[in-house]
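Visitor: I'm new to this one. Can you walk me through its aromatic rings?

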Amino acid sequence: QVQLVESGGGLVQPGGSLRLSCAASGMIFSLGYMAWYRQAPGKQRELVASINSSGSTNYADSVKGRFTISRDNAKNTVYLQMNSLKPEDTAVYFCNRYIRPWNWGQGTQVTVSS
């Protein structure tokens, strides 16, 4: 069993920044190909960013240039640095393995509002 715990969300004004963390624990050999997702009220969960074992990254067009995904393999942790936040970034953010996802964590709420 693998547990995913997301943290770092909160209320921030437009233009502000947040850094999300995702800690994985349990029977993990390695994190592998990881990703951040988000789900806004009334919408489907969408892929925000991904990072493979080698550190190569990909981003949704909506966050490209504003968000940065990174990882610390020694800590089994993935991060999402979010800058220049917009109200449309408001959502619950989740992390998970990109291929063959584990059970989903609780997510962390990000609210961008003035």
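Guide: Here is a short tour of the ring contacts. Keep in mind that the model is predicted.

Visitor: OK. How many aromatic pairs are there in the whole structure?

Guide: The search finds three. One of them is tyrosine 33 with tyrosine 98, a tilted pair. Their centres are 4.7 Å apart, with 40° between the planes.

Visitor: Where do those two tyrosines sit in the chain?

Guide: In distant parts of the chain, 65 residues apart. Tyrosine 33 is in the loop between β3 (18-26) and β4 (34-39). Tyrosine 98 is in the loop between β9 (91-97) and β10 (108-112).

Visitor: Next pair. Why do tyrosine 37 and tryptophan 104 count as edge-to-face?

Guide: Because their planes are at 80°, and over 60 counts as edge-to-face. The ring centres are 5.2 Å apart. Tyrosine 37 lies in strand β4 and tryptophan 104 in the loop between β9 and β10, so the pair ties together parts 67 residues apart in sequence.

Visitor: And tyrosine 37, buried or exposed?

Guide: Buried, because its relative accessible area is 12% and the cut-off is under 20%. Tryptophan 104 is partly exposed, at 35%.

Visitor: Which rings form a cluster?

Guide: Tyr37, Phe94 and Trp104, linked by ring pairs.

Visitor: Switching to charges. What sits over the ring of phenylalanine 94?

Guide: The charged end of arginine 45, 4.4 Å from the ring centre. Arginine 45 also lies over the face of tryptophan 104, at 3.9 Å from that ring's centre.

Methods. Residues numbered from 1 in each chain as written. Predicted model: local features only at pLDDT ≥ 70, side-chain atom pairs only at ≥ 80, totals over all residues. Heavy atoms only, no water. Phe/Tyr/Trp six-rings, centres within 6.5 Å; stacked < 30°, edge-to-face > 60°. Helix = DSSP H or I, 4+ residues; strand = E, 2+ residues; numbered from the N terminus. Buried < 20%, exposed > 50% of the residue type's maximum accessible area, 1.4 Å probe, protein only. Lys NZ or Arg CZ within 6 Å of the ring centre and 35° of its normal.
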